[in-house]
Amino acid sequence: MDVGFKQAGVDVVLANELDSVTCDTYEANHPESHMLRGDIHEHYDVFEQHKGVDIVFGGPPCQGFSVAGKMDPDDERSRLIWSFLDIVEMVKPRLFIMENVKALGKLEKWKEVRKAFVQRAEHAGYFCQYVVLNAAEFGVSQNRERVFFVGSSQPFNTFDFQNELEGNKKRPRILRDLLNDLPSAGSDENPLTCTAKITLAAYPVMRKSPYAGMIFNGMGRPLNLDSVSSTLPASMGGNKTPIVDCRMLEDPDNADWVKEYHRGLMEGGTNPDFALAPSHLRRLTILESAVIQSFPRDYRFVGSKSAIYTQIGNAVPCKLAECIAKASISVVFGGGVSDGPN
């Protein structure tokens with residue numbers, strides 16, 4: 001989120017992160033910001049010293065609300081949305097923006113949580129609303145839906161806010177074009193960072209699309225290079241890492257092995273030519289994953305390969321963060337504040 005907010009003109013002065021390796025990555029790329037390492041509750045006194053900043057933004061861990069997890073309302077991580085509001089009430093910014101998984105903004109299961117969040121924000125003196133956005137509509141080559149709760153110390157026109165979001169929409173590049181702009185996979189500039197073997201699932205889970213279901217081992221699904229990526233998970237690094245067909249990446253006119261294999265499965269047939277996954281299938285690299293998440297090419301990641309994949313998968317796409325920041329700043333600050341929002 002910090003990358004996107006900086007691109008929207010925000011000076012990020014203070015940040016907090018629990019994971020030490022992620023802190024290292026943050027500090028390597030944001031030397032101008034003060035990083036508070038560790039549990040946010042241990043740093044309330046530091047936040048209190050920043051009363052009057054323009055914006056508080058963040059993405060509290062979402063595993064407690066995610067359909068990919070246990071959806072446990074008592075999960076410690078679920079409670080961090082309230083810790084976020086603690087900071088808002090303490091700092092009293094003119095604007096706050098909180099990101100989380102789509103489920104928190106959509107599912108009936110979390111209706112009372114949404115209602116309680118908005119009510120507490122309103123009690124603290126904020127006009128608050130939430131919106132679910134798909135990153136693919138804002139120039140990100142990935143279908144990734146997230147909810148954003150936006151709160152302002154002054155009411156703003158919902159119609160104007162929606163218009164600002166519409167104005168920030170941009171068609172994403174298809175994966176083929178995006179990935180072909182990068183150094184070749186396997187080169188020094190774009191090493192093959194995931195070596196998890198690709199094998200055919202003994203008991204495939206079929207879907208209508210060859211890019212859904214599970215026709216390979218693990219949950220790493222093949223990518224449709226003529227479209228955008230599915231949501232990149234934080235569990236990448238092993239056999240949950242998406243799969244790229246190098247032959248199709250080089251030339252779209254080549255025979256599509258994945259489609260042909262999927263078609264054979266759907267028809268219930270077998271073919272000795274499809275007994276093994278071919279060598280031209282590989283896993284998505286760290287660089288490719290980062291670019292799909294719309295990180296700048298020169299963004300530096302710190303840690304082990306698995307830790308870096310996790311950081312990338314956990315991130316809010318930078319371009320999506322930039323767009324929600326721009327739209328919110330425009331309706332709340334009238335396009336900005338005199339010295340630039342902080």
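Visitor: Are F96 and Y126 buried or exposed?

Guide: This is a predicted model, and in it both F96 and Y126 are buried.

Visitor: How do you know that F96 is buried?

Guide: Buried means under 20% relative accessible area. F96 has a relative accessible area of 0%, so F96 counts as buried.

Visitor: What makes the pair of F96 and Y126 edge-to-face?

Guide: Two values are needed, because a pair of aromatic rings is described by the distance of the centres and the angle of the planes. The ring centres of F96 and Y126 are 5.4 Å apart, which is within 6.5 Å, so the rings pair. Their planes stand at 70°, over 60 degrees, and therefore the pair is called edge-to-face. F96 is in strand β4 and Y126 in the loop between α6 and β5, so the pair links parts of the chain 30 residues apart.

Visitor: Which value makes F84 buried?

Guide: F84 has a relative accessible area of 7%. That is under 20%, so F84 is buried.

Visitor: How many aromatic pairs are there by this rule?

Guide: The count is 14 aromatic pairs. One of them joins F84 and F96, at 6.0 Å centre to centre with 70° between the planes, and is edge-to-face. F84 belongs to helix α4 and F96 to strand β4, so this pair ties together parts that are 12 residues apart in sequence. Ring pairs also link a cluster, whose members include W82, F84, F96 and Y126.

Visitor: Why is S141 called buried?

Guide: The relative accessibility of S141 is 4%, and the limit is 20%, so S141 counts as buried. S141 is placed in the loop between β5 and β6.

Visitor: What makes the approach of S141 to R173 a polar contact?

Guide: A polar atom of the S141 side chain lies 2.7 Å from the backbone oxygen of R173.

Visitor: Which residues touch the most other members of the largest nonpolar core?

Guide: They are F5, F148, F161 and I324, in a core of 33 residues. Helix α13 gives the most to this core, with 10 residues. A second, separate core has 29 residues, including F117 and Y126.

Conventions: Residues numbered from 1 in each chain as written. Predicted model: local features only at pLDDT ≥ 70, side-chain atom pairs only at ≥ 80, totals over all residues. Heavy atoms only, no water. Helix = DSSP H or I, 4+ residues; strand = E, 2+ residues; numbered from the N terminus. Buried < 20%, exposed > 50% of the residue type's maximum accessible area, 1.4 Å probe, protein only. Polar contact = N/O pair within 3.5 Å; in protein donor to acceptor, adjacent residues only side chain to side chain. Phe/Tyr/Trp six-rings, centres within 6.5 Å; stacked < 30°, edge-to-face > 60°. Core = buried A, V, L, I, M, F, W, Y, C linked by side-chain atoms within 4.5 Å.
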